[in-house]
Each structure stands twice: as structure tokens, then as C-alpha cells.
Amino acid sequence: MAGVGILMLVHTALGRAEQVARHWHAAGCPVVIHIDRKVPEATCAQFRQALSDLPNLRFSARHRCEWGTWGIVAASQSAAEVMLAQFPKVRHVYLASGSCLPLRPVQELIDYLAQRPRTDFIESATTADVPWTVGGLDHERFTLHFPFSWKKHRTLFDLYVGLQRRRGLRRRIPKGLVPHMGSQWWCLTRQTLSAILQDPDRRQYDAYFRKVWIPDESYFQTLARIYSTQIESRSLTLSKFDFQGKPHIFYGDHLQLLRRSDCFVARKIWPHASRLYEAFLSDSNAAMKHTEPNPGKIDRIFDKAVDRRTRGRAGLYMQSRLPNSAWENGVASGRYSVFSGFAELFENFESWIAKATGARVHGHLFAPQRAEFAHDQTIAPGAMHQSAAIRDYNPRAFLTNLIWNARGDRQCFQFGPADTQDITWFISSDPNAQISVISGAWAVPLFHSNRNFMEIRKEAAQLQRIVSQFLDVLRAPHCKARIRIWKMAEFIEAPMEPLQTIVDEIGIATPRHLTEAPKLRELAGFGQFLQNLKNQGMHPYLMGDFPIERGATQPNIPPRKPYLVRS
Amino acid sequence: MVVDPDEFLIYPFCDSRPLRALTDWLDPSSIKSFSAMLIDMYPKGPLNDAPYKAGQNPLEIAPWFDPGNYSIKKNARFGNLWIQGGPRMRVFFPDAPEKAPALNKIPLVKWDRRYCYVSSTHMLLPRGLNLVYDEWGGEKASGALLHTKFLDTFAAKAQEELQRKQHYAASVEYKAYAQSLAQHPDLWCKWSEKYINWRQLETLGLMSKGNWA
């Protein structure tokens, strides 16, 4: 008989439990099974009958096991007592459940433990050090009363916790105990386990832990600290928990992953995952190298699952993720640039910025007639239609879809007062947006237009009103975008410097000095044009102070630094 | 589970885990309803170019779908999402997107006699069942219903539905179809995506594994 005894707590899928019990037993491990009191008597009798041919298998007194309550501890205690009393050769006692599955040949576990005869494997950490507690209760598990079920009467549970907090009600922790917590699946030596079970103060401890919340994660974990000479604070059972504190379940498609985990035992296995049961219970060639358990690979997958459930993919809006405002974790999925006034001021701005940055440069995406996608496409990645009606039906979805579909490809677009303005608040609150505005440049196309001055005056007044509202949004305190605003007069004084800043911030693989400037539109007479507007009673103020007679100088590229060629 | 005969349910790991694995996971997770949005599938080329034969897998003819043009709004009254988009909005309703049909569906529910579907499987009562989406940044698990309505049989179907007049909003939808179909439209475009598997839909952000791993 092996020196390792197995305690199995079972409550469902008894057929699988039987298979696993036989597997342990066949390798020479005595097995003690605890059947949940909730299992009907008939089912229970059938199960006992099915296993009656195994000489080293016992059943222990039954308790009602409800999640988070004392029953599970009581069940472990009774089963452990049977094990210690009836199988004197057992040195290590391994607590497992009916949905645990040994991944490595049992003999390896037996050898592993035989080489560490005095080591207790039990995850046990002080409450200050564990991040995994559910419901925000860590130390309070040990100091409050929990008469109401968390699963069935959540409201009462919360109300009563709140009441005790307000009243400052506290339970006293018995002297000598330092609360520890950890996985409920442990493997203890006979010495430690019997010391816990035969402790003269056990009645007192039991009475205390009976009212602690989730005692199965703290009873043995705390008491082992008193008696163990050598604690390895980890569980030999691979068991991953999701964000609700519920164990992750393993399915057939986890086979390779489990094989590579090198863990002795995994839980919890889906009862219908025949592929796993077949592979691990019959095929001892599935044996892995004799290495230390290393569940790191599995950890990553389940950590990612928790992350996906709690944080999700930034900038994604879909049927099962629609974050409330400020909970988006990144409003759009990637960074993008919005240019206002640049295409009006420079003849070739779009092609210039595309060349300088390698970004995808759209025209006015929010133009009233249609979304002006880059290269005059009528349809954009993701099968986005250019229809203005579709876009304006849900501008936010339009933009976030565009950025999401681009998948890391930097997007730029032009935005002006003639465009649909519904999106302004949204982009200004997005930290991914880089918004650059040359205020007043909207007047340049009017200046070049061949229209009657009264019409121009009217439109100028309207555009200026819209831009001014846009600027108000950009200056509001909620803004998180990277916003730069220049008055047009100021900008054309030295356009290269702001352009360089913008290009640098967009960031290209090889940052370089701009070697080519965009071509400024003809502005001779623009000052007079503004003066004419003023003379007609309209007050253009957004462009800054333009002297009547000043045109603008073409932007100059600063000369390269001289350098010396040695020969 | 409520699905139409022309809807193919896709859920995370559907190629390696049976539906029972999903329900066995949903139940202890206290998830009572599971969302699977409609994804309209279509062929490349006019609908009647590749006739459908009885017994054939319609996805052989119509494996294409729109990957990223869906609009989501929240219905304040019932708490459900209102998803529209895809080829039906793009081709049939580019000028009246509000009339495009709803694509949000909740086909899988742990049923209780007090529950009811309000409008097809688009929304449920009580309202809590409609909260199949996370509002705090996370992703809940969800699936998709591949909708193989757009086959050569569709034109006849649209006519029939027009005459039955049983549909929502006085068959606005079917009127639009009948009009457009007369011109033999091609729903396919250069950004259409060809269906491969559920992982593709998850990568595209159309569905999610949530915390099922």
C-alpha cells in the first residue's frame, strides 16, 4: 500500500468519481470518499455498491456541503479521521474532489511525496497578501458574522455585513490563531493533520471557524501554520479561478495544455470531457517528464480570460461589451488624428501628411454629402458604407468602427465647420485623439470662392459660429484628447514648427526631419478680405490679427547643418 | 434555444465543445441568457447566380459577411441593445438606416414560465434578461447566428412575405428588399470577409469568449 491516502469529496457526476477513485486505488492509494448529504440516498447506495469491490476504500460520515459554509470543512475532517484511523501506513493525505483528475501517473505523485516526507503542501497566505477574495471581504471573513447565504440571500448578506461595519461589531479571533487563506485543496502529512484533528482546543477552533465566511479556504490553512514544521505554500492541485471566484472548468480541448502543465492533479474537469478521462485515466504513456509542476502556461490562458471579462478589448463596442461612459478603457481602439483647417490652408495637405507619416489620410469623414474615405473609396475596411445617413445615424459607432477596423493602422481625417458636428464631444473626450486646429482657416476657401460677397458674409458668420462652438468643446474640462489650437495668423508665421510637432507625435518608424513642406495656398489679399467682412458688419476674430496688406510667406525648410567630409 | 431554420448558431469553442458544455458553464455562472447577434451571410455575385439545392449547406454558397459596420444603441425601455448594420443596412437602407432590421438576438435562455420574448428573440422580459452585455468595460461571452437568408430563394421569399404582411413595421423591410432585388444586387464588396470559424468572429470583435476559457 502506498503512503499517500486520497480523500474525495463528491456531490455530482458520481460515475466520473467512481472512475477516478478506481484509478487512485489501482495505484495503491487508499481512498476515503465523502458523499454530500444532498445526494439522494438511493443514488448514494448505488454508488457505494459500485465501489464495494475495492478493499482499501471507505466512506465517511456525510455532511451537507454548501458553498462557502462549514459543511465542506466538516466533510474533510470526518474523511481525514477515517483515513488516519484505518490506514496507519498513510503518511500524506491528499484532499481532492470528485471532479479532480490526476494528470501524471499516480506513482509519480507517490514518489514525489515520499521524497518530501515532512512537507505539507497547502497554500496558506495571510489575509493582507491575497488579491483573490470575492466580494471584497478578506480580513473581515474572520471578524464578522455571516448568518445569511451569499448565494441565496445576497441582499441580506450585504445588508448584515454593512450593519456590522457601521456598528463596529467584531468577533474575537481565538488566541494564537493568525488567519491564513488559500486553496482548499491540500496535501498534509499525518503528523500535521492529526495534530490539527486532535488539538485539545479543537472544539473552540471549530466553533469559531463554523461562523467564518468560506472556512474551507481558511480552517486548515490557518491551523497548519501552528503545527507544520515545513509548509510549502502551494497546492499540488491545479485549480484556476475566474473573476467570480468560481473554478475554471477543463474540457477535451484542453488536453494538450493539461499534458504540458506537469501538474499532478487538475480540477475541475467537465464530467462529459471524455477525451480527458480517457487520456489521463487509461493511458499512462501520457506521462510527462519528471519535472516540477509548472502550471504557468495554463495560468496565462485563464488570466487572459479574467482580463477579457473584466477589462475587455479597448475600443471595441459589440453585442456583449457596451461600456458606460468613462468605462471604455480607451474610447477608440487606436490613436488617430483630426485636422481642422489644414486642408483649407495647404493645397496638398492630405497627400503631404500621408507621405510624412505613412498614415491613412481620409478627407472630411463627416462631410454632409458622404464620408470622404481615403483615396475616394466608396467603401472602407469593415465594409463601411460612405452614406452620410448611416454615419449620422450613429456617428460614434461610425468612428469607433473605422478605428477598430483599421487595426493599428494610424487614421487621420479632416474636420471643419461645414461637417456634421455631432462627433465633437466624443473625440474631444478620447485620449486616443490628436486634434489640431488652425482656427480661422475655414475662411480661406470662402476667400478663394467666386461668390457674391453677401452670400460669403452670411456663410462666414455661420461657419465662425460653428467653429467657435467646436473650440468651446475643445476647451471644456472633460477633454482628454491631445489638443492644439493655433490662430491662423500665428500659424502661418512659422508653419514648419507646429507641423513637425504633429508629425513627431504621430510617430513613424524612423523619425526624421521634414524635408518637404506642404504648399500654402495663395493668401495675398486675405487681410483685405477679412477687412471687407468687418466692413460688412461681420466680425471674423478666430484667425487672429491679420494685417490688411500681408500675404503669407511659403514655409521654409531650415537648411541642413553643414557637415565635413574627411577624405 | 430559439433559432430560425436559416440561422446557424455559433458559440465560443463550438468546434470542440457541445452545447451542453456551454449551458453547464452558464448555469453555475448565474448567466440566464446568452446573446448571439445575427450575421447576414451572402454569396459573391448576384443572389440567383448560385442556386441553392435542398440539403446543401447554405454556407457553401453564402460564406461572406460584413466584418465591421454595425451600429449599437441601447433601448432605454427594455435595456436591450439595438444592433443594426451589415449588408442589409449597407445595400437596402443606405438612406434610411433607422429602418434597417435589428440584428441583436438572445436565442438561449434558461427558461422560466414567468419569462417572455417581447419581439421575436430580440428582447425579453423581465428586463434583466436583456443585460447580455457588460457595461463596465469587460466582455461577456456571446455567440453569433449566421443568417443564410440571402440565397437565390430570397426573391420569392420576399414576395411571399410582402403578401403575408405579418412582419414588423408593415413590411417596410420587405418592400425595400423587393425594390432592390429587382436590380439583382451584389451584396459582396471588397471588404467582405469569408467565414472560417468562431475564432475569426471573436478576433473581429463580433462575438466574445468572455471568461469562458
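**Helices, a buried Trp and a sheet**

α6(A) and α8(A) are roughly perpendicular to each other, a label for angles of 65 to 115 degrees (under 35 is roughly parallel, over 145 roughly antiparallel, the rest oblique). Helices (H or I, at least four residues) and strands (E, at least two) are DSSP runs, numbered from the N terminus.

This is a predicted model, in which local features need pLDDT of at least 70, side-chain atom pairs count only at pLDDT 80 or more, and totals for chains, interfaces and linings use all residues. Residues are numbered from 1 along each chain as its sequence is written, while chains are lettered from A and ligands numbered from 1 in the order in which they are written.

**Exercise 1.** Find the angle and the contacts behind the pairing of α6(A) with α8(A).

Step 1. Helix α6 (residues 190-197) and helix α8 (residues 219-227) of chain A pack at about 110°, axes 9 Å apart. Axes are lines fitted to C-alpha atoms, for helices over the stretch in contact, and angles run from 0 to 180 degrees between N-to-C directions.

Step 2. List the contacts (C-beta atoms, placed from the backbone, within 7 Å). Thr192(A), Ala195(A) and Ile196(A) of α6(A) meet Phe220(A), Leu223(A), Ala224(A) and Tyr227(A) of α8(A).

Step 3. Sort by class. The contact has 6 nonpolar, 1 polar and no charged residues. Ala, Val, Leu, Ile, Met, Phe, Trp, Tyr, Cys and Pro count as nonpolar, Asp, Glu, Lys and Arg as charged, and the others, Gly among them, as polar.

**Exercise 2.** Is Trp70(A) buried or exposed?

Step 1. Locate Trp70(A) in the loop between β3 (57-59) and α3 (71-86) of chain A.

Step 2. Trp70(A) counts as buried because 21 C-beta neighbours lie inside 10 Å. The cut-offs are 20 or more other C-beta atoms within 10 Å for buried, 12 or fewer for exposed, and partly exposed in between.

Step 3. Leave aside neighbours within four places in sequence: Trp70(A) is in contact with Phe209(A), Arg210(A) and Pro215(A).

**Exercise 3.** Which strands stand at the edges of the open sheet of chain A?

Step 1. The 5 strands run in the order β14-β17-β13-β18-β19 (chain A), with parallel pairing. Two strands pair if DSSP finds at least two bridges between them.

Step 2. β14 (360-364) and β19 (482-487) of chain A are the edges; each has a single partner strand, so one side of each lacks a neighbour in the sheet.

Step 3. Check one pair. β13 (residues 336-340) and β18 (residues 433-439) of chain A share 5 bridges in the parallel sense. Val338(A) has Ile435(A) as its bridge partner in β18(A).

Note on methods:
Contact = placed C-beta atoms within 7 Å.
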